[in-house]
Amino acid sequence: MKGTYLGEFEELVLLVVGAHSGDAYGVSIATTIEDEARRSVTISTIHSVLYRLEKKGYVESYMGGATNERGGRKKRLFKITAEGQTVLAFSKDLRNRLWNLMPE
Amino acid sequence: MNKQEHTPPKWIDDILEWYCSSKYIEEVQGDLHEWFDRRVKNEGLKKARLYYLLDVIRFVRSYRLKSYDEFTQNSNNAAMLKNYLKTSWRALSKNKAFTLINILGLTIGMVAFISISLYVQNEYSYDQFHTQKDNIYRLKQNRYNKGELTTEWAAGCTGVGPALANNFPEIKEFVRMTKSQALVSYEDKVFKEDFTYYTNSAFFKVFSIPILKGDTSVLSKPYHMMISESAAKKYFGDEDPVGKTIRHNGVRDYNIGGVYQDIPERSHMKADMLYSFETFVDLSGEESRTTWDWDGFYTYLLLEEGVNVSSFEAKFPDFIQQQIGEDLAQYNSNIEFKLQPLTDIHLTSDYMMEFKPNGNGEATRFLFIVSLFIIFIAWVNYVNLSTAKSIERAREVGVRKVMGSQKSQLIKQFLVESALVNFIAISIAVLVVFITLPSFSQLSGRELNISFYDPALLLMICGLFLMGSLLSGAYPAFVLSGFAPVSILSGKLSTSTKGSLLRKGLVTFQFIASLVLVVGTYVVYSQLDYMSSQDLGVDIEQTLVVRGPGATDSLYSDNLNTFKAQLINQSDVKSISASTAVPGSQPGWNAGGIRLLTETEAEANQYRVIGMDANFINSFDIEVIEGRSFEEIHSNEEYNVIFNESAVNLMGFSSSEEALNKEIYFWGDTFNIVGVAKNYHQESLKKSFEPLIFRYIPNSRNFYSAKVQSSDLPFTIEKIEKEYKSAFPGNPFEFFFLDDHFAQQYKAEMQFGKIFGVFASLAILIACLGLFGLTSYMTVLRTKEIGVRKVLGATLLNVMTLLSKDFAKLMVLAIVMAVPVAWFVMNNWLSEFAYHIDLAWWVFAVPSLILILILLITVSIQTVKAGLSNPVDALKHD
């Protein structure tokens, strides 16, 4: 896939969005990354990565309804798009092929 | 969901809400709050709060910022600000005279403050351009004779630099410089150069002076030199000076090895040409490298990083004892070295042989304090006028409060008003500073520049604006906003005693500050007047002094005699004399080891020596009180000397008479005292009389002083120049008038007086403005009372007394408080002068009276108007 470049952190965020199947938002993504990848992140970084991914068309977002949580403030929820799935698959495929080339 | 225990700090949320567009605020804030909770759990409240602030700052990304429209229209704050500005503008334009007084006062204060700050900043910026400035020190040398400090040298002995550098690893490099007054010529161009020095090649390693051409290594070869850019231009125009030779004092050719950028004006140092020190050694012998007896050599040390300066300095005394202790003991003398940080020299150093007159640190600090006073007086005006006006504004405040204004909104409103006034004032002030800067440069004697890209200046302007807005706005804002609406609207409000007490205190402060400044100015001018009207004991009027020729040949004495004979033939030249020094500066010839022939070496003393021909004493009208003056007829006159009274004392004679015909030992020869001259002021009245010895040296070559009496001075000067050129061809004709030269010594004081005078007038002007505003307001308030009093028969005088009484009391109080302050400060200043006026009662009384008069006139402009007004007008409205 020509012209698509996915940064390491972008890929990580995209994976997490995909894993959350539709209800991913800033904090949940950050929590997952901190817990799973054991690296500390800031919310603002997550937000800017999400917006970049949205611009590239790999995720789409919509405003969730008001809930009782967090003082009734709405969340922006993110969902992975078909194109996003393709990119992830492509990169996974690429890695697999390269792994296979590695001598035992 | 249960209520959260901790929430992020409100003020950080406010920042977020302030900048973040409403499109994003919910998601961003929501996420951040959740994240905050997580942090509280994991890392504790303190850390979470800190991170929250960082997060909020990190979220400032352009796409989440409010748009311009959102900022201006959808925000309540912005709308209110607009409203505040509008009402402030209305309030200000309603009372035009008041506003004008306010703005004028603030503007003048700010102009004074900014101008002085520019000057102070300039004074503190000397020698800051050296990259190694923190490790460069100059050696200051103190010479002691019989335990008494005799001379403090900026330029000490030649041997100390290398001796220290060879023995102390703390020293990285040393630079040695000594002056060469030189007549420099290249082809047909001849100039007398006053700022040329012999130095070693470390000069450019220590000081950050860029080399434009050539190589500094020439400074270790004899008869080689470096030349400054502007000197190169002067002699060589567009030619390349490197490799060319110039002629020094008409005798030696020096090879130019390189060109350096001119040393900045803001340096204590000035050197247009630098010759190699090896040249000096070749000219004056090997001992000029190492001797500790020869002064006049600047020594700069570049120390290693991290050397403790005071403990390094403490090692000097032992080292000196070890090196030359025996010699010192023999003459009962001592020598001491102190390290002067390079960047301190300009403001603290005033010793023998400075490169050029340095600045005065104390006067600079003092001036800065004065500027602070002025700006405070201006702020006080604003506070005073605003609180005085508060009664009028009280109704407005009451109505606003009833309509639902909160206290914080009222405070904001008044702060906005003061910010507006301050903004107008500072804008005008910056403009005025910009326009008046050339005149202020002239007044202060420094080339001052203003650059709006200078962060320090911008910071000062912003600071002045903010401080002014807050300081002058805070009091009125809090007082006015605190009024209870019911009491205002029911008309029960009266001026609070607290407010009027503060007002009185501030007015008294203004009076005190103005009075101290006026007394200061008066004392400075009285002292200057005293010094110029004092009998100097020497006649310096109508005297034209020509500098002696630098380049001469073996026929010099004959040429001099021809020159003198030609001049004295002129009807407009009354007398002409040659000497090594003239009144108005310290004689450069400082001779130690002089004693009575019968005394031991340890009893010898230092004297200043002036060499002169037989006409000098007569033509300067110096009184000889004992013995005789020099006369040409005596065959042995070269071995006769004349003492002044101080020298007579120093040598231990009980009277002038006793000194006559005594023999003294002077540098290996014996001299006979033939006369005693009355003490005269060789130098300014700052100094007491120094012991002087006159020696008969008829062909002295430093100065030729001609007493002239002419109705056409330019013509006389032209004639003298013609004779000079024909007697000493190849030498430039340079002359000055002795009274000007003498007055030069008071230049610093005159400048101080002028600056002081200008700022004292400004302070008084501001205080008057404030007082004018205050009385006009008080008068308006008491219109009815005055009306009633007039109806009941009060005269104009009664009304005026009534209105001025309060201020008069404050004035008296101010005088009582200001006199001790002024006495202390000015006594301190006067103590620098050996001859000074006494601080008599009238020194305080005259300025006080003048100030009282000015202030009363200011007050009376209003009170007379009130006193003359028709009471019917005042009373008919009720």
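**Entry 1: Leu410(B)**

I began with the contacts of Leu410(B). Leaving aside neighbours within four places in sequence, Leu410(B) is in contact with Val397(B), Arg400(B), Ser405(B), Leu480(B) and Ser481(B). By contact I mean that the C-beta atoms of two residues, placed from the backbone, lie within 7 Å. I looked up one of these pairs by C-alpha: Leu410(B) and Leu480(B) are 8.1 Å apart in space and 70 residues apart in sequence. Leu410(B) lies in helix H16 of chain B. Helices (H or I, at least four residues) and strands (E, at least two) are DSSP runs, numbered from the N terminus.

Is Leu410(B) buried or exposed? It is buried, because 20 other C-beta atoms lie within 10 Å. The cut-offs: buried needs 20 or more other C-beta atoms within 10 Å of the residue's own, exposed means 12 or fewer, and partly exposed is in between, with C-beta atoms placed from the backbone.

**Entry 2: ground rules**

I noted that this is a predicted model, where local features need pLDDT of at least 70, side-chain atom pairs count only at pLDDT 80 or more, and totals for chains, interfaces and linings use all residues. Residues are numbered from 1 along each chain as its sequence is written, while chains are lettered from A and ligands numbered from 1 in the order in which they are written.

**Entry 3: domains and cores of chain B**

I listed the domains of chain B: domain 1 (10–72), domain 2 (76–124 + 357–494), domain 3 (155–307), domain 4 (500–538 + 747–878) and domain 5 (543–746). The bounds come from an automatic or database domain assignment. Over C-alpha atoms, the centres of domain 1 and domain 4 of chain B are separated by 57 Å.

Next I looked up the nonpolar cores. Such a core is a set of buried Ala, Val, Leu, Ile, Met, Phe, Trp, Tyr and Cys residues joined through C-beta atoms within 7 Å. The largest has 85 residues, and Met110(B), Ile374(B), Leu515(B), Phe759(B) and Ala763(B) have the most contacts inside it. Helices of chain B that each supply at least two residues of this core include H6 (96–123), H15 (361–402), H19 (497–533) and H26 (747–781). Where does this core lie? Domain 2 and domain 4 of chain B both give residues to it, so it lies between them.

I then checked Phe759(B). Not counting residues up to four places away in sequence, Phe759(B) touches Ala112(B), Val370(B), Ile374(B) and Leu517(B). A second, separate core has 54 residues, including Val582(B), Ala659(B), Ile673(B) and Phe703(B).

**Entry 4: strand S1 of chain B**

I followed S1(B), residues 136–145. It is mostly covered, with 7 of its 10 residues buried. Two strands count as paired if DSSP finds at least two bridges between them. The pairings I found:

- S1(B) pairs antiparallel with S13 (295–303) of chain B over 3 bridges, and Arg138(B) stands opposite Tyr300(B) there.
- S1(B) pairs antiparallel with S14 (333–341) of chain B over 9 bridges; Asn142(B) has Glu336(B) as its bridge partner.
- S1(B) and S2 (148–153) of chain B run antiparallel, joined by 5 bridges; Asn145(B) is partnered by Glu148(B).

S1(B) and S2(B) form a hairpin with 2 residues between them, and Lys146(B) in the turn has a positive phi of about 50 degrees.

**Entry 5: helix H9 of chain B**

Gly237(B) follows H9(B), with a positive phi near 60 degrees.

**Entry 6: chain A and its contact with chain B**

I looked at the interface last. 15 residues of chain B are in contact with 17 residues of chain A. On the chain B side, the elements giving two or more residues are H2 (22–43) and H3 (45–58). H2(B) gives the largest share, 10 residues.

Chain A has 4 helices and 2 strands, in the order α-α-α-β-β-α from the N terminus. Its C-alpha trace spans about 55 × 30 × 20 Å along the principal axes. Of its 104 residues, 27% count as buried.
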